Amino acid sequence: MELLIGRIAEKKILSEALASSSLELLAVFGRRRVGKTFLIRSVFRKQLIFELSGVHDANASEQLLNFSKAIADALGSGLTPAAPILKKRKAVIFLD
Ligand SMILES: Nc1ncnc2c1ncn2[C@@H]1O[C@H](COP(=O)(O)OP(=O)(O)O)[C@@H](O)[C@H]1O
Ligand SMILES: [Mg+2]
């Protein structure tokens with residue numbers, strides 16, 4: 001993966017959320033192509049256990065179908081026991 005340039009303040013916020021002993025919900029927003037996806041993937045590379053990207057120009061039922069397929073795939077590949085994973089380390093779910 002390419003090197004993440006700058007984003008010092010944003011990296012601090014994301015790292016603090018990762019270090020938190022609570023569950024955290026982060027919303028990252030901004031114009032297209034400013035680096036939101038790249039930032040999340042770079043900072044949480046080791047902790048990402050599930051990532052879902054919305055489908056461009058799809059309607060609500062297509063989005064839901066895409067979501068349910070991605071969840072089913074993830075469960076099939078061993079994501080199921082989230083609790084044991086979380087007892088060992090922090091995990092990140094990324095809805096893009
Ligand atoms: N901080 C950064 N350092 C290096 N490259 C970056 C950075 N932010 C964005 N980029 C580059 O710009 C591209 C587009 O960013 P992306 O994360 O897809 O934007 P967004 O998700 O906001 O639409 C990335 O694939 C990456 O090549
Ligand atoms: Mg993006």
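Guide: Helices (H or I, at least four residues) and strands (E, at least two) are DSSP runs, numbered from the N terminus. This is a predicted model, where local features need pLDDT of at least 70, side-chain atom pairs count only at pLDDT 80 or more, and totals for chains, interfaces and linings use all residues. Residues are numbered from 1 along each chain as its sequence is written, ligands are numbered from 1 in the order in which they are written, and side-chain values use heavy atoms, without hydrogens and water.

Start at ligand 1. It has 13 residues around it (near means a heavy atom within 4 Å). I5, R33, K36, T37 and F38 come nearest. The shell holds 6 charged, 5 nonpolar and 2 polar residues (Asp, Glu, Lys and Arg count as charged; Ala, Val, Leu, Ile, Met, Phe, Trp, Tyr, Cys and Pro as nonpolar; the others, Gly among them, as polar).

Now the polar contacts (pairs of N or O atoms within 3.5 Å). A backbone N or O atom of R33 sits 2.7 Å from an oxygen atom of ligand 1. For I5, a backbone N or O atom lies 2.8 Å from a nitrogen atom of the ligand. A polar backbone atom of G35 is 3.0 Å from a ligand oxygen atom. Ligand 1 has 560 Å² of accessible area on its own, and the protein covers 75% of it (Shrake-Rupley method, 1.4 Å probe).

Next, the backbone angles. R7 is not a glycine, yet its phi is positive, about 60°. R7 lies in the segment before α1 (8-19). R7 counts as partly exposed because its relative accessibility is 32% (buried is under 20%, exposed over 50%, partly exposed in between; 1.4 Å probe, protein chains only). D57, also not a glycine, has a positive phi of about 65°. D57 is in the loop between β1 (48-52) and α3 (60-79). Its relative accessibility is 71%, so D57 counts as exposed.

Key
A polar contact is a pair of N or O atoms within 3.5 Å; within protein, one must be able to donate a hydrogen and the other to accept it, and residues adjacent in sequence count only if both atoms are side-chain atoms.
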